[in-house]
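Dear colleague,

I am passing on the structure we spoke about, together with some notes on what was found in it. Please have it open while you read.

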Amino acid sequence: MEKSLPLHLLHVHSFSIIINRSHAILHSIAIAFLIYYRISFLLQETRTRTIPTLSWLVIFASELLLSFTWLLTQAYRWRPVSRSVFPERLPSDDKLPSIDVFICTADPDKEPTVEVMNTVISAMALDYPPKKLHVYFSDDAGSAVTLSCMKEAWNFARGAFNLLYVISSIVVSSDFKSEKYEAFKERVRRAKEGAAISNRGDHPSLIQVIQDHNTNEELQEDQVRMPLLVYVAREKGPSHHHNFKAGALNVLLRVSAIMSNSPYILVLDCDMYCNDPTSARQAMCCHFDPQISSSLAFVQFPQTFRNISNDDIYDSQIRFIFKINWFGLDGLRGPVLSGTNFYIKREALFGSFSKKEGITLMELRRSFGQSNEFIKTLGQDYNHTLLNDGESSTMLLEEAKVLASCSYENQTTWGTKVGFRYFCVVEDYFTGYTLHCKGWKSVYLYPPRAQFMGTSTTNFNEQCTQWTRWSSGLVHVAMSRFCPLIYGPRRMSLLQSMGYAEQAFMPLFSCLPLWGFALIPQICLLNGIPLFPEVSDPIFGIYLFIFVSALSKHLHEVLVTGGQIQTWRNEWRIWMMKSVSSFSYGSLNAILNKLGMREASFLPTNKVADDEQVKLYETGTFDFRAATVFLAPFVTIILVNVAGFVGGVVRIMVLDNGDHWQKLFGQMFLSFYILIMNYAVIEGMVIRKDKASISSSVTLLSAVVSVIILSVGSAILC
């Protein structure tokens, strides 16, 4: 019997593997020599040391942390792979499984309503059998205007479907200027402008089916069946923790289970519309592949953003994750769950309880709650109730309200053992981590055409706010009993554990050494204390090799992924700026949370575009209209480095005895490199006078702090 053609193929990047492993060997040898040099100094007798031990130890610790972080990143480069799929080889539509689409929104003032409705329309327009497609929209604000706009979106989509529009034209894009769509946008805007202040506080649960999925209704000749569309506003009460996005997703899991109970779920951020309607069929090529389907938990697509400029000064596209890291993890057991754009198997979130023999109803209730209707959905033979008459619809909606209530999860394992996990604010990372620890796999699809298009943050303040939240959640996992370096290796491969550990420790292991390198050498430079080998010392060549090796490898990866030299520069700069601001605050929040001194918080990212901010971003100009707590750290560092560099130059010119410059060259070059890479900050302080420049109050505050750092640091370290 002839073997059937594969639904998808795996391509190993052999040439990249050779380059990555060769570079890793050479870089590791250089790091070993660096460590030997540092340790040999510490083994000297105390009376023969000419350099303060504390300064040496701080720099050594910073070098070790960066080296360890680099080691962890090698997991991404060990075996990068890519995949191609063949949707035309899928079985006929009647044999395809049904899909539930989850879309979450939290704040209509920060998430543009028109873009949110575009996402809803595009989800209904997926190239998939409409009767097998069900869209669930979670509105955590419980906003009446959002519900009204949902109905407008439904009416527009129904008209578009019934006129037999081409599906790709319904996927709203910037050049879709039909008269009907413009009228729809205007109605949404009017509804938003005339609305009262959104209720983000306490409100009861509200479940409304925008379309009555009436199977008895005869479709007219010019009509096309529409997917089910359901509005869900879960109950919010003052005495209940709502668990942020993970809590909203778990409510959708329960509500959708009794209405459609599809075996596969697509999760989308509210601004991430379906750019290519074929994503569902592409994902099914992996879920249907007999070689991986039994252990495959989810198919992850990249996040692609439509508002990225050519310069991308804030690294808003997060290139290193979606164009490097996830390909590497796919060569292990799969990428991390990335918050949006993934097709996940419902069974992976619930567990296959129907296969467990002897499990009692009481045990199921302890895990999933008291709803008998929901517990029935766990069985393989469950047939969901269709909304085909008034009485059954009313009963089903009342049951759905119970499932969306605040108290339903009390004394259950929701968020701990079933559903999306509540352990930290990065619910996607931790849920994917838990699934991989249980033996599930994932795959990464990066098709030539972007399957989903969203809106990224394009101003520094929102970037910092977003990364502070992410950093807090990641470091929280790193410091917990679920630490990937301890909990992971017993449940997954060492390389995959390293990948998860790199993400968890990245904020902490970036901010600590960056503060060390940005302050300690400069303080010692002002005091004439060398911390790096002389230029004539062979060990200096080791430092030079490590520096050039890291920069050139990064540049190579930027260029092969379609970036430019300015992309390379921007990524280094924004990494420095985030390390001393967002990563530092996020790590501190996680530590305080661990000590019980601070509760976790979740601030939705503001996606409302400001014309002036957008113009600055598109022209590659930094917008420094950010909170002082984000600006002051790196402005302080710039001032310290200016003082260190100028002081070093003066010291060499005045006190040079022939070889003094050789001893201090490493520190002077480090300060010079920091200043050159962050010239935009200097420009914002000194040259620019526009509204988006760094305010004089921030500069003055940073100057005072820098003087204190230099004075106290000199007294302690020197």
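Which residue just after H20 takes a positive phi? It is glycine 620, with a phi of about 75°.

Before going further, please note that this is a predicted model, in which local features need pLDDT of at least 70 and side-chain atom pairs count only at pLDDT 80 or more, while totals for chains, interfaces and linings use all residues. Residues are numbered from 1 along each chain as its sequence is written, and side-chain values use heavy atoms, with hydrogens and water left out.

The protein as a whole

The secondary structure comes to 24 helices and 13 strands, where helices (H or I, at least four residues) and strands (E, at least two) are DSSP runs, numbered from the N terminus. Of the 718 residues in the protein, 57% are buried; buried means under 20% relative accessible area, exposed means over 50%, and partly exposed lies in between, with a 1.4 Å probe and protein chains only. The protein exposes about 30,600 Å², of which carbon and sulfur atoms supply 59%, the areas coming from the Shrake-Rupley method with a 1.4 Å probe and, for residues, only the protein chains shown counting as cover. Among the contacts (heavy atoms within 4.5 Å) with a separation of 6 or more, 84% join residues 24 or more positions apart.

Helix H20

Helix H20 covers residues 611–618, and its buried residues are Gln613, Leu616 and Tyr617. These residues lie on the same side of H20 because they cover an arc of only 100° around the axis, the arc being that of the directions from the helix axis to the C-beta atoms. The face of H20 turned away from this buried side carries the exposed residues Asp611, Lys615 and Glu618.

Two pairs of helices

Two packed helices are described by the angle between their axes and the distance between the axes. Here axes are lines fitted to C-alpha atoms, for helices over the stretch in contact, and angles run from 0 to 180 degrees between N-to-C directions. Angles under 35 degrees count as roughly parallel, over 145 as roughly antiparallel, 65 to 115 as roughly perpendicular and the rest as oblique.

The axes of helix H2 (residues 53–78) and helix H9 (residues 319–330) come within 6 Å and cross at roughly 70°, and H2 and H9 are therefore roughly perpendicular to each other. On the H2 side the contact involves Ala75, Tyr76 and Arg77, which meet Ile324, Asn325, Gly328 and Leu329 in H9. Sorted by class, the contact of H2 with H9 has four nonpolar, two polar and one charged residues, where Ala, Val, Leu, Ile, Met, Phe, Trp, Tyr, Cys and Pro count as nonpolar, Asp, Glu, Lys and Arg as charged, and the others, Gly among them, as polar.

For helix H15 (residues 460–478) and helix H21 (residues 628–655), the axes come within 10 Å and cross at roughly 95°, so H15 and H21 are also roughly perpendicular to each other. Phe460, Asn461, Cys464, Thr465 and Thr468 of H15 make this contact with Phe630, Leu631 and Phe634 of H21, and the residues divide into five nonpolar, three polar and no charged.

Two asparagines in loops

Most residues other than glycine have a negative phi. Asparagine 261, in the loop between helix H7 (244–259) and strand E7 (264–269), has a positive phi near 55°, and it counts as buried at 18% relative accessibility. Asparagine 341, which lies in the loop between H9 and strand E11 (342–345), has a positive phi of about 65° and is buried, with a relative accessible area of 0%.

The contacts named below leave aside neighbours within four places in sequence.

- Isoleucine 546 is in helix H17 (residues 538–560) and counts as buried at 16% relative accessibility. Its C-alpha atom is separated by 9.2 Å from that of leucine 34, 512 residues apart along the chain, and isoleucine 546 is in contact with His27, Ala30, Ile31 and Leu34.
- Methionine 479, in the loop between H15 and helix H16 (494–526), counts as partly exposed at 27% relative accessibility. Methionine 479 is in contact with Ala590, Ile591 and Lys594.
- Histidine 660 is found in helix H22 (residues 660–677) and, at 15% relative accessibility, counts as buried. Histidine 660 is in contact with Gly528 and Arg651.
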